[in-house]
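Dear colleague,

Please find below the structure that I am handing over to you. The findings follow directly after it.

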Amino acid sequence: MSANSLLKHFSLKATTVIVVLFVLATITVDRQLSKGVAADASVRSIGQAEGVLMRSKLKRSQSVLEGLLRKDYAAIAKGAHDMKLISEAVEWPRARDQVYEHFSAEFRRQCSQLEELAAKKNHQGATFTYLAMTNLCIQCHDYVRDSLRVAEPNGRSGIQLIPAEWPEEGR
């Protein structure tokens, strides 16, 4: 085997392993949430209030994953397009600082890239872009959940901790 064919072979194997591990992790988390059990008691289901929109993005992300597993490029493109539209159309109930805006713009850029790669039927590129986008989502959620912000809520100065749970309905 030539060096190029070996590289392609191992690259495809690595991609397959990564996708399988991601699917298994997704199934495990989904089962925990469906049973009402969370890995961390401070984490709540996303199915409340503003979380409905996030749940919608999550479902589109899952349809992209399914499209990647089936090499269904139309499903990949549609899921990416829908996630981008949700991201553009929604005023998220979070502080919109420069770091958050960067995450948001990068997410939309990766959605567009995923659409383009699906149109070109570039499975490996779409897979890596999806994995990068998933990593970006995790980083953004970590930032939003765990960051301290200097804020002036209602005209008061001070440091405000960003809550580690989704807002409850009616608050």
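Glu106 has a relative accessibility of 19% and therefore counts as buried, since the cut-off for that class is under 20%. The model in which this value was computed is a predicted one. Glu106 has its place in helix H4, and its side chain makes a polar contact of 2.5 Å with the side chain of Arg109.

Ser112 is also found in helix H4, which covers residues 98-119. Its relative accessibility is 19%, so Ser112 is counted as buried. The side chain of Ser112 is in polar contact with that of Lys84, at 2.6 Å.

For orientation, the protein chain contains five helices and two strands. Read from the N terminus, the order of the elements is α-α-α-α-α-β-β. The chain has 171 residues, of which 30% count as buried. Among contacts with a separation of 6 or more, 61% are between residues 24 or more positions apart.

Which residues of the largest nonpolar core touch the most other members? They are Val64, Ile76, Leu114, Tyr130 and Met133, and the core has 21 residues. At least two residues of this core come from each of helix H2 (51-70), helix H3 (73-89), H4 and H5. In soluble globular proteins, nonpolar side chains tend to be buried together.

Thr127 and Gly67 are 60 residues apart in sequence, while their C-alpha atoms are separated by 10.0 Å. Thr127 lies in helix H5. It has a relative accessible area of 1%, and Thr127 is therefore buried.

Next, the aromatic rings. A pair of such rings is described by the distance of the centres and the angle of the planes. The count comes to one aromatic pair. Phe103 and Tyr143 form this pair, with 6.0 Å from centre to centre and 45° between the planes, and the arrangement is tilted. Another ring, that of Phe107, has the charged end of Lys57 sitting over it, 4.3 Å from the ring centre.

Finally, the cysteines. A disulfide is a covalent bond between the sulfur atoms of two cysteines. How many disulfides does the structure hold? The number is zero. Cys111 is in no disulfide, and the nearest cysteine sulfur, which belongs to Cys137, is 7.8 Å away. Because its relative accessibility is 0%, Cys111 counts as buried. Cys137 is likewise in no disulfide; for Cys137 the nearest cysteine sulfur is that of Cys140, at 7.5 Å. Is Cys137 buried or partly exposed? Its relative accessibility is 28%, so Cys137 counts as partly exposed.

Yours sincerely

How values were computed:
Residues numbered from 1 in each chain as written. Predicted model: local features only at pLDDT ≥ 70, side-chain atom pairs only at ≥ 80, totals over all residues. Heavy atoms only, no water. Helix = DSSP H or I, 4+ residues; strand = E, 2+ residues; numbered from the N terminus. Buried < 20%, exposed > 50% of the residue type's maximum accessible area, 1.4 Å probe, protein only. Polar contact = N/O pair within 3.5 Å; in protein donor to acceptor, adjacent residues only side chain to side chain. Phe/Tyr/Trp six-rings, centres within 6.5 Å; stacked < 30°, edge-to-face > 60°. Lys NZ or Arg CZ within 6 Å of the ring centre and 35° of its normal. Core = buried A, V, L, I, M, F, W, Y, C linked by side-chain atoms within 4.5 Å. Disulfide = S-S within 2.5 Å. Contact = heavy atoms within 4.5 Å.
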